[in-house]
Amino acid sequence: LYTFLDVKENALSLFGFVDKVEREVFFLLKKVSGIGSKTALSIVAAVGGEEVLSSIGSENASRLQKIPGVGKKTAERIIVELKEQVR
């Protein structure tokens, strides 16, 4: 089990991941403007780390839009901001 402790001014949140890939994808998603820890976790939990990387690499925004809480603009922002890091 891989974990991440998110320390904020008024809260401590502990996030757990099945493998290193999920944790690394979580950290990548947190770099995108407008995506926080909870949203990043829900994206990774919904489809898995490999699927997120595949969607970004193939620039498939429609696949990301199927994840609850991810709309068209968010999906496109994820691809634009992370495509160079994923390839």
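Ser 37 belongs to helix α2, which covers residues 37-47. Helices here are DSSP runs of H or I with at least four residues, strands are runs of E with at least two, and both are numbered from the N terminus. The model is a predicted one, in which local features need pLDDT of at least 70 and side-chain atom pairs count only at pLDDT 80 or more, while totals for chains, interfaces and linings use all residues. Residues are numbered from 1 along each chain as its sequence is written, and side-chain values use heavy atoms, with hydrogens and water left out.

**Surroundings of Ser 37**

Ser 37 counts as buried because its relative accessibility is 5%. The term buried means under 20% relative accessible area, exposed means over 50%, and partly exposed lies in between (1.4 Å probe, protein chains only). The side chain of Ser 37 forms a polar contact with the side chain of Lys 30, at 2.8 Å. A polar contact is a pair of N or O atoms within 3.5 Å; within protein, one atom must be able to donate a hydrogen and the other to accept it, and residues adjacent in sequence count only if both atoms are side-chain atoms. When neighbours within four places in sequence are set aside, Ser 37 is in contact (heavy atoms within 4.5 Å) with Phe 4, Asp 6, Phe 15, Phe 26 and Lys 30.

**The protein as a whole**

The protein contains five helices and two strands, arranged along the sequence in the pattern β-β-α-α-α-α-α. Its radius of gyration is 12 Å, which agrees with the value near 12 Å for a compact globule of 87 residues. This radius is taken over C-alpha atoms, and the globule rule is 2.2 Å times the number of residues to the power 0.38. The C-alpha trace spans about 35 × 25 × 25 Å along its principal axes. Of the 87 residues, 33% count as buried. Among contacts with a separation of 6 or more, 41% are made by residues 24 or more positions apart.

The accessible surface amounts to about 5300 Å², and carbon and sulfur atoms supply 52% of this surface. Such areas come from the Shrake-Rupley method with a 1.4 Å probe; for residues, only the protein chains shown count as cover. The protein has 13 positive and 11 negative charges, whose mean positions are 4 Å apart. Lys and Arg count as positive and Asp and Glu as negative, whereas His and the chain ends are not counted. Each charge is placed at NZ of Lys, CZ of Arg, CG of Asp or CD of Glu.

**Individual positions in loops and helices**

Glu 59 is located in the loop between α3 (49-57) and α4 (61-65). Its phi is near 55 degrees, a positive value in a residue other than glycine. With a relative accessible area of 39%, Glu 59 is partly exposed.

Gly 69 is placed in the loop between α4 and α5 (72-86), and counts as exposed at 71% relative accessibility. Thr 74 is part of helix α5 and is buried, with 18% relative accessibility. Ala 46 lies in helix α2, the helix that also holds Ser 37, and is partly exposed at 45% relative accessibility. The table pairs these residues with others by C-alpha to C-alpha distance.

| Residue pair | Separation in sequence | C-alpha to C-alpha distance |
|---|---|---|
| Gly 69 and Ile 43 | 26 residues | 8.4 Å |
| Thr 74 and Leu 64 | ten residues | 8.8 Å |
| Ala 46 and Glu 22 | 24 residues | 11 Å |
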